[in-house]
Amino acid sequence: MENSALRRVPVVLYVATGDQDAAELLVDYCRQYAASRDWIVAEVVTDTDRQAPLESRPGWARTLELLSAATVRGIVTYSATMLAEPVPEFEAVRDRLRDKGVFLAVARSLTGTPPAPTRRTPGQVARRQDVVDASSGYEGCGAEWEAIQ
């Protein structure tokens with residue numbers, strides 16, 4: 001029997017917004033996102049001033065403390081704009097965290113960018129089609145044409 005608790009990853013939820021009601025909803029969304037991936041929410045951290053530089057926010061400082069103490073292995077935030085407004089700045093933060101061995105998950109992409117497609121070779125695509133055809137009883141156009149004549 002495998003112990004699933006050993007596989008669960010502890011994360012911190014980080015939300016930055018000035019609206020307390022919105023903060024509760026955003027935290028709930030992030031909590032559901034983490035639960036859907038079977039991550040353990042170790043702590044919830046909020047900041048009230050999203051416009052302040054990231055390094056000067058008390059909530060972000062607490063998040064970094066949790067990372068330094070190895071209490072958590074990842075950060076879940078609602079959107080990239082909670083950390084940095086221009087995309088290159090967000091990517092720089094994400095890259096610094098990745099260099100420290102920590103992951104950063106964004107629960108909701110506001111850019112509308114679709115997820116990257118699954119990479120498959122032409123051979124894999126043909127094999128999958130063959131399996132689907134065989135399981136459905138489809139033998140191809142030639143077999144159907146011969147059956148009609």
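Aspartate 95 is partly exposed, at a relative accessible area of 27% (buried means under 20%, exposed over 50%, partly exposed in between, with a 1.4 Å probe and protein chains only). The side chain of aspartate 95 meets that of arginine 98 in a salt bridge, 2.3 Å from N to O. A salt bridge here requires a side-chain nitrogen of Lys or Arg within 4 Å of a carboxyl oxygen of Asp or Glu. Both residues belong to helix H3 and are three residues apart, so about one helical turn separates them. The model is a predicted one, in which local features need pLDDT of at least 70 and side-chain atom pairs count only at pLDDT 80 or more, while totals for chains, interfaces and linings use all residues. Residues are numbered from 1 along each chain as its sequence is written, and side-chain values use heavy atoms, with hydrogens and water left out.

Six salt bridges are found in a search of the whole structure. One of them joins arginine 8 to aspartate 38, with the closest N and O atoms 3.1 Å apart. This pair links distant parts of the chain, 30 residues apart. Arginine 8 lies in the segment before S1, and aspartate 38 in the loop between H1 and strand S2 (40-47). Arginine 8 is partly exposed, at 31% relative accessibility. Aspartate 38 is also partly exposed, with 37%.

Arginine 62 forms a salt bridge with glutamate 43, and their closest N and O atoms are 2.8 Å apart. Arginine 62 is in helix H2 and glutamate 43 in strand S2, so this bridge ties together parts 19 residues apart in sequence. Relative accessibility is 32% for arginine 62, which counts as partly exposed. Glutamate 43, at 24%, is partly exposed. A network of salt bridges links Glu43, Arg62 and Glu65.

The chain contains five helices and four strands. These are DSSP runs numbered from the N terminus, with helices (H or I) of at least four residues and strands (E) of at least two. From the N terminus on, the order is β-α-β-α-β-α-β-α-α. The chain has 149 residues, of which 30% count as buried. Its accessible surface is about 10200 Å², and 53% of this belongs to carbon and sulfur atoms. Areas come from the Shrake-Rupley method with a 1.4 Å probe; for residues, only the protein chains shown count as cover. Among contacts (heavy atoms within 4.5 Å) between residues at least 6 apart in sequence, 69% join residues at least 24 apart.

The largest nonpolar core holds 32 residues. Such a core is a set of buried Ala, Val, Leu, Ile, Met, Phe, Trp, Tyr and Cys residues joined through side-chain atoms within 4.5 Å. Tyr14, Trp39, Trp60, Ile75, Val76, Leu83 and Leu97 touch the most other members. Two or more residues each come from S1, helix H1 (20-36), H2, strand S3 (74-77), helix H3 (87-99) and strand S4 (103-106). S1 gives the most, with six residues.

Four aromatic pairs are found in the whole structure. Rings of Phe, Tyr and Trp (its six-membered ring) pair if their centres lie within 6.5 Å; planes under 30 degrees apart count as stacked, over 60 as edge-to-face and the rest as tilted. The ring centres of tyrosine 14 and tryptophan 60 are 5.3 Å apart and the planes stand at 75 degrees, so this pair is edge-to-face. Tyrosine 14 is in strand S1 (residues 10-16) and tryptophan 60 in helix H2 (residues 58-68), 46 residues apart. Both are buried.

Tyrosine 33 and tryptophan 39 have ring centres 6.1 Å apart and planes at 65 degrees, so they too are edge-to-face. Tyrosine 33 is buried, at 17% relative accessible area. Tryptophan 39 counts as buried at 17% relative accessibility. Tyr33, Trp39 and Phe103 form one aromatic cluster. The charged end of arginine 37 sits over the ring of tyrosine 33, 3.6 Å from its centre (the criterion is NZ of Lys or CZ of Arg within 6 Å of the ring centre and within 35 degrees of the ring normal). Neighbours within four places in sequence aside, tryptophan 39 contacts Arg8, Val9, Val11, Tyr33, Ala34, Val76, Phe103 and Ala105.

Threonine 77 is in strand S3. It is buried, with a relative accessible area of 0%. Beyond neighbours within four places in sequence, the contacts of threonine 77 include Tyr14, Cys30, Met82 and Leu83. Leu104, Ala105, Val106 and Ala107 are also among them.
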